[in-house]
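Keep the viewer open as you read.

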Amino acid sequence: MPVFKTPFNGYSVKFSPFYESRLAVATAQNFGILGNGRIHVLDLPSSPSPQISELASYDTADGVYDLAWSESHESLLVAAIADGSIKIYDLSLPPTSNPIRSFLEHSREAHSADYNPVRRDSFLSASWDDSVKLWTLDRPTSVRTFKEHAYCVYSAVWNPRHADVFASASGDCTLRVWDVREPGSTMIIPAHDFEILSCDWNKYDDCCIATASVDKTIKVWDVRSYRVPISVLSGHGYAVRKVRFSPHRQGLMVSCSYDMTVCLWDYMLEDALVGRYDHHTEFAVGVDMSVLVEGLLASTGWDELVYVWQNGTDPRAF
């Protein structure tokens, strides 16, 4: 697959759950410290070609840190913005009609967004204001705020099988598991000694979750017995920015790091590191695996590049 050059620094990349050739990219000017942002919606070519086509782009007054596709509407996209806002975009409408919603409740940067894959009617946002918020499209304000973390919440992700359960990863070094029907978190895991930047549930085991940390490691946990991790994956040279489980193979996951690499792991193998890609020339901060095409990966980073490739191939070969 070809490479796409963005005008700003890449922060997040997400494949569409409806179209196998479509992905969205979140970017921020000046490494996200100060300046504008832009969302790119890209279509991959159906045959080898030097060009990725841009279906749409949306400019924002502040950097865009994360994106989530709606699980119920193929044209809807949720964006987490550096000004603390959560914005909804509708690809079926002209750019001048977007965003169709803008929620501003977070008091600091909104850092992650995740759409409920089971109920498909709600989504989460996580923020540097130490909170997670639950939203639905039909309400002008958040449904609920979850505020137990003592520092920035970098990631909040829904359980892939339980509509009311999600996990959050924070700079306070804890992973928390929540049930929206309960008044507080149902589980607190002191997962690392340093900040936790990302977490993700295993798509084939709803009791299994991975955490990625500034301590350069990824840990895999069983929430039924979490005194010690199932696996500790070491191989990155700097902080691990994001981890994502494969939608197609139980043990497989992908990670990206400030060491500029993307790593592929199978935590069920003795030699867990099964692939390493060093195509980025700056911090690699966004990575995803396609739900619709097995083995299709995408990454983005501060080098302003988006790579899409098949597992086992060199992303730079195109």
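For charges, Lys and Arg count as positive and Asp and Glu as negative, while His and the chain ends are not counted; each charge is placed at NZ of Lys, CZ of Arg, CG of Asp or CD of Glu. By that count the protein has 27 positive and 40 negative side chains, and the centres of the two sets lie 3 Å apart.

A word on the ground rules: this is a predicted model, where local features need pLDDT of at least 70, side-chain atom pairs count only at pLDDT 80 or more, and totals for chains, interfaces and linings use all residues. Residues are numbered from 1 along each chain as its sequence is written, and side-chain values use heavy atoms, leaving out hydrogens and water.

Now the big picture. You'll find 28 strands and 0 helices here (DSSP runs numbered from the N terminus: E of at least two residues for strands, H or I of at least four for helices). The radius of gyration is 18 Å, close to the 20 Å that the globule rule gives for 318 residues, so the protein is as compact as a globular protein of that length. (The radius is taken over C-alpha atoms, and the rule is 2.2 Å times the number of residues to the power 0.38.) Of the 318 residues, 60% count as buried, meaning under 20% relative accessible area, with exposed over 50% and partly exposed in between (1.4 Å probe, protein chains only).

Next, zoom in on Ser70, in the loop between strands S6 (64-69) and S7 (76-81). Is Ser70 buried or exposed? At 1% relative accessibility, it counts as buried. Setting aside residues up to four places away in sequence, Ser70 touches Pro17, Phe18, Leu76 and Tyr115 (contact means heavy atoms within 4.5 Å). A polar atom of the Ser70 side chain also sits 3.0 Å from the backbone nitrogen of Ser72.

Met268 is exposed, with a relative accessible area of 52%. Beyond its neighbours within four places in sequence, Met268 is in contact with Gln250 and Gly251.

Finally, some backbone geometry. Most residues other than glycine have a negative phi, and most peptide bonds are trans. Asn98 and Pro99, though, are joined by a cis peptide bond with omega about -5 degrees. Cys173 has a positive phi, near 75 degrees, and counts as buried at 18% relative accessibility. Met260 also has phi near 75 degrees, but at 33% relative accessibility it counts as partly exposed.

Definitions and conventions: Polar contact = N/O pair within 3.5 Å; in protein donor to acceptor, adjacent residues only side chain to side chain.
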